[in-house]
Amino acid sequence: VSDIVNVLDLAEALVIACMGLALAILGAVFLASRRALDRSAAILLVMAGIFAFGWKAPFVVTGVDEDASYAAQAAQAGFFLCLAVSLYMWASSLLARHATMLQEAQEQLRAALGEKQMYIDILAHDLKNPLTVARGRAERVAKALPEDARDVPELQRSLHQMGAIVEDSLLYSQLETDGPQLERPQADLAATVRHAALQLKPLADAKGVWLAVYGVDALACRADRLLPRAIENVVSNAIKWSPSGAQISIFVGEGGGDGECEVRVVDHGPGIPDADKAKLFARFQRADRHGVAGTGLGLAIARRVVALHRGSLRIEDTPGGGATFVLTLPAALVTSPAPASSSREAPA
Amino acid sequence: LSLVYVADDEPTLRELVSDELSDAGFEVRAFASGAELLAAAQARRPDAVLVDINMPGLTGWDVRRWLDAHDAGIPVVAVTAQVGPMVEDLALRTLHFSAFLRKPFAMADLVATVERACRAATVTRA
């Protein structure tokens, strides 16, 4: 029995010693080629091989039980340590390589997206010259025509709409890709809303819709110059959907949250079914069942601009029918009213 | 009759602007490049200049810089197809263009802008 055990021990020792040699040679090959492993992992592999060889080879040669020798025990420990560290380093270098590959793929994707945006930009940019010429010529022709001629005004309206589409596509593409570097100087939200309402008065008048702004006289917030655009888009959307003779009420005030600013645009149009609410802000989404014109980008732009201000834009139902758009700017952006515009308490 | 120099590499746009400004009572000379405009400006001083910012060769910025260095009194109106507030800021605040027109612009805006620029220059000179 002891002979068999001895033979088995010898075989095991022989296998481990040979494996040690093989590991050392493998490590040396890796070290020479430096392809699959990094340098220190290959050196450690060579060392692990040498330790394995040193651990078992004396037993193979002399037949002395290796467990009694401190040198053999040290070699055993060295083998496991070097092997473990080498494997760890190998695994982490493999992971790092995959991370690099992933990063490269991501950069390629980003470059492809950038190229796509550039294409949109160039397209929109190049459309502007012929648009300017067409609109300008139409304007000149319209001046020479009798007032009741319908062809040219129709042509002008279409050209105007094309211009808006080009403009919106450019802006949306820019907001989508990286978002412009927004500057947020202190602004008076109430004044901004009033200005937007004033800008849209001709549109509202043409449709026979009343615009009314209610709320505090001065409410300071931090707003980029794109914020008025977002507000205009929301209000013009309300105008589009309001029936003639209806009123759109815009309430400016502090929001429900602590120190929040809020703009509520309340219309009495057809309202928005719950199923459509979520997809309303998606690009090019437009319920055109009522034949209302638009680029389909207005609300998507508004939502994106508000998000860049770290605010939110949501839809509620107007009691009695219609939609209410609630634009909220977060508390952090709201400071005390600007002294110049806090006219509420000022003597007349 | 105020003399206005116009530079745009796009011939149809150049013609449109010339026609409209001529009808509005300006004496207009149109050029296909910034270099041609500057050569003409050396021969005869215009009352106002209208340049496209993005032109091959000398850009609108270059024309503005050259005029700044040689005759700072001439109002220069920038025309661009670019979007975003950055361009406008750069044009008006940093490069001191007198005014800024974004394509596509209305003919009434074109005439009003050039008239304003000419008037402002006259007031400054007086």
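Modeller: What follows is a close look at the sheet of chain B and what surrounds it.

A bit of housekeeping comes before the tour. This is a predicted model, so local features need pLDDT of at least 70 and side-chain atom pairs count only at pLDDT 80 or more, while totals for chains, interfaces and linings use all residues. Residues are numbered from 1 along each chain as its sequence is written, chains are lettered from A and ligands numbered from 1 in the order in which they are written, and side-chain values use heavy atoms, with hydrogens and water left out.

Let's start with the sheet. It is open, has five strands in the order S2-S1-S3-S4-S5 of chain B, and its pairing is parallel (strands, E, at least two residues, and helices, H or I, at least four, are DSSP runs numbered from the N terminus; two strands pair if DSSP finds at least two bridges between them). The edges belong to S2 (27–31) and S5 of chain B; each has a single partner strand, so one side of each has no neighbour in the sheet. Ignoring direction, neighbouring strands are turned by 20° against each other on average (axes are lines fitted to C-alpha atoms, for helices over the stretch in contact, and angles run from 0 to 180 degrees between N-to-C directions).

H1(B) touches S1 (3–7), S2 and S3 (48–52) of chain B, and its direction makes about 170° with that of S2(B) (contact means heavy atoms within 4.5 Å). H2 (residues 34–43) of chain B packs on the sheet too, touching S1, S2 and S3 of chain B, with its direction at about 155° to that of S1(B).

H1(B), residues 11–23, also has a partner in the other chain: it packs with H3 (residues 70–144) of chain A at about 30°, their axes 9 Å apart. That makes H3(A) and H1(B) roughly parallel (under 35 degrees; over 145 is roughly antiparallel, 65 to 115 roughly perpendicular and the rest oblique). The crossing is left-handed, which means the near helix is turned anticlockwise from the far one by less than a right angle; clockwise would be right-handed. Among the residues making the contact are Val133(A), Gly136(A) and Arg140(A) from H3(A), and Leu13(B), Leu16(B) and Asp19(B) from H1(B).

Back in chain B, Arg64(B) sits in H3 (residues 60–70). Is it buried or exposed? It's buried, with a relative accessible area of 3% (buried is under 20%, exposed over 50%, partly exposed in between, using a 1.4 Å probe and protein chains only). Its side chain makes a polar contact with that of Asp68(B) at 2.8 Å (N or O atoms within 3.5 Å; within protein, one must be able to donate a hydrogen and the other to accept it, and residues adjacent in sequence count only if both atoms are side-chain atoms). Leaving aside residues up to four places away in sequence, Arg64(B) touches several others, including Val76(B), Phe97(B) and Ser98(B).

One last stop: Pro104(B), in the loop between S5 (99–102) and H5 (107–125) of chain B. Most peptide bonds are trans, but a cis one joins Lys103(B) and Pro104(B), with omega about -5°.
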